Amino acid sequence: ARKKLSKLKKTPAVTIDGTPVTLLANIEFPDDCKAALENGAVGIGLFRSEFLFMGRNGNISRIPGEEEQFEAYKKAVTLMKGRPVTIRTIDIGADKPLGTPETSTLNPALGKRAIRYCLAEPELFLAQLRAILRASAFGPVKLLIPMLVHAFEIDQTLAFIEEAKAQLREAKIKFDEKIQIGAMVEVPAAILGLPMFTSRLDFISIGTNDLIQYALAIDRVDPEVAHLYNPLHPAILTMLSMTIWAADKANIPVSICGEMAGDAHLTRLLLGMGLREFSMHPAQLLNVKQEILSSNMKLLKPKVDKVLSLVEEAAIEEAVQQLQLEKT
Ligand code: PEP
Ligand code: MG
């Protein structure tokens with residue numbers, strides 16, 4: 001099956017009735033761009049930059065300097081040959097903890113993680129922003145910010161980006177003045193407060209891994225509650241369809257970069273909700289493309305509308321399975 005799928009590498013991801021879909025890759029290191037391209041990715045939707053900071057034990061063990069980061073981001077941009085590369089600023093804390101015990105917090109998923117950490121560490125944040133901005137002189141780069149919740153956090157982040165830009169201008173170092181800036185939407189409050197995001201930013205990307213964790217109150221790394229972690233909970237589907245709808249209304253591009261985007265069993269459901277941009281592990285790209293190529297939006301849309309009206313998990317699971325089996 002793998003061999004047959006590989007034939008789809010260069011096939012554009014378009015539904016039977018002509019709806020184009022953008023398939024992007026999630027990467028952890030610049031070298032992962034090779035796998036992304038081998039599987040037909042048209043860009044990088046999520047570069048998890050914190051992996052440059054991580055040791056083998058999965059903890060954040062070292063802080064690479066601006067030059068080292070710049071080289072890594074530039075390498076990804078160069079490998080992607082003109083395709084967009086979305087670089088997420090470090091998402092440390094929670095499931096990617098800092099290496100030192102004195103920095104551990106009581107409830108790491110709800111603690112000083114991701115943008116909260118960066119806003120508290122200006123030198124570290126500015127160095128990363130400069131490194132990303134400098135890479136943007138070598139090809140299209142987008143900046144993605146994790147875990148934003150409050151409007152003032154967005155504003156502070158934008159101010160830091162302006163400061164990093166000013167520092168580079170002062171030093172006469174080139175970067176893309178119009179670099180696109182987006183937010184991960186991965187906390188329920190961000191979804192319910194979406195206008196704070198759409199009025200300030202160029203794009204949003206839904207992080208379903210954390211969204212499910214926070215919406216269902218289930219630690220995403222705790223095996224004791226793993227059986228309760230269900231992407232098809234009606235509350236999750238409602239939040240996803242709301243977000244896609246609201247982003248479209250606001251004319252802001254929206255993607256999903258959590259695991260849901262790479263689950264081929266869910267491709268038709270997400271297509272029917274209106275999602276047109278998916279970012280996933282490179283190994284999933286062709287499976288998802290195959291689903292898109294065999295989907296017909298005209299038939300699919302009313303079926304997905306019915307799924308979205310269901311309120312019981314079991315019924316939703318069954319209906320989603322049907323979407324896959326039926327000719328849609
Ligand atoms: C997510 O939360 O869905 C996401 C894509 O980010 P991460 O898995 O790195 O937290
Ligand atoms: Mg996340």
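**Questions on a predicted model**

Colleague: Among contacts in the protein chain with a separation of 6 or more, what share comes from residues 24 or more positions apart?
Modeller: This is a predicted model. Take the contacts in the protein chain with a separation of 6 or more. Residues 24 or more positions apart account for a share of 69%.

Colleague: What radius of gyration does the protein chain have, and does it agree or disagree with a compact globule?
Modeller: The chain has 328 residues.

Colleague: What box do the C-alpha atoms fill, and what share of the residues is buried?
Modeller: Along the principal axes, the box is roughly 60 × 45 × 40 Å. The chain holds 14 helices and 8 strands. Of its 328 residues, the share that counts as buried is 44%.

Colleague: Is I90 buried or exposed?
Modeller: I90 sits in the loop between β3 (85-88) and α4 (114-120). A residue needs 20 or more other C-beta atoms within 10 Å to count as buried. I90 has 26, so I90 is buried.

Colleague: Which residues does I90 touch, leaving out those up to four places away in sequence?
Modeller: A137 lies 47 residues from I90 along the chain, and their C-alpha atoms are separated by 21 Å. With residues up to four places away left out, I90 touches S49, E50, F53, C118 and Q128.

Colleague: At what angle do the axes of α3 and α5 cross?
Modeller: Two packed helices are described by the distance between their axes and the angle between them. Helix α3 spans residues 66-79 and helix α5 spans residues 122-135. The crossing is right-handed. The axes come within 8 Å, and they cross at roughly 35°.

Colleague: Which residues of α3 make the contact with α5?
Modeller: From α5 come A127, Q128, R130, A131, I132, R134 and A135. Across both helices, the contact has 7 nonpolar, 2 polar and 4 charged residues. The α3 side is made by E66, Q69, F70, Y73, K74 and V77.

Colleague: Which element gives the most to the shell around ligand 1?
Modeller: Around ligand 1 are L46, R48, D91, E186, G207, T208, N209, D210, C257 and G258. By class they are 2 nonpolar, 4 polar and 4 charged. The elements that give two or more residues are β2 (44-48) and α9 (208-216). With 3 residues, the element that gives the most is α9.

How values were computed
Residues are numbered from 1 along each chain as its sequence is written. Chains are lettered from A and ligands numbered from 1 in the order in which they are written. This is a predicted model: local features need pLDDT of at least 70, side-chain atom pairs count only at pLDDT 80 or more; totals for chains, interfaces and linings use all residues. Axes are lines fitted to C-alpha atoms, for helices over the stretch in contact, and angles run from 0 to 180 degrees between N-to-C directions. Helices (H or I, at least four residues) and strands (E, at least two) are DSSP runs, numbered from the N terminus. A crossing is left-handed if the near helix is turned anticlockwise from the far one by less than a right angle, and right-handed if clockwise. Two residues are in contact if their C-beta atoms, placed from the backbone, lie within 7 Å. Ala, Val, Leu, Ile, Met, Phe, Trp, Tyr, Cys and Pro count as nonpolar, Asp, Glu, Lys and Arg as charged, and the others, Gly among them, as polar. A residue is near a molecule or strand if its C-beta atom, placed from the backbone, lies within 6 Å of it. The radius of gyration is taken over C-alpha atoms; the globule rule is 2.2 Å times the number of residues to the power 0.38. A residue is buried if 20 or more other C-beta atoms lie within 10 Å of its own, exposed if 12 or fewer, and partly exposed in between; C-beta atoms are placed from the backbone.
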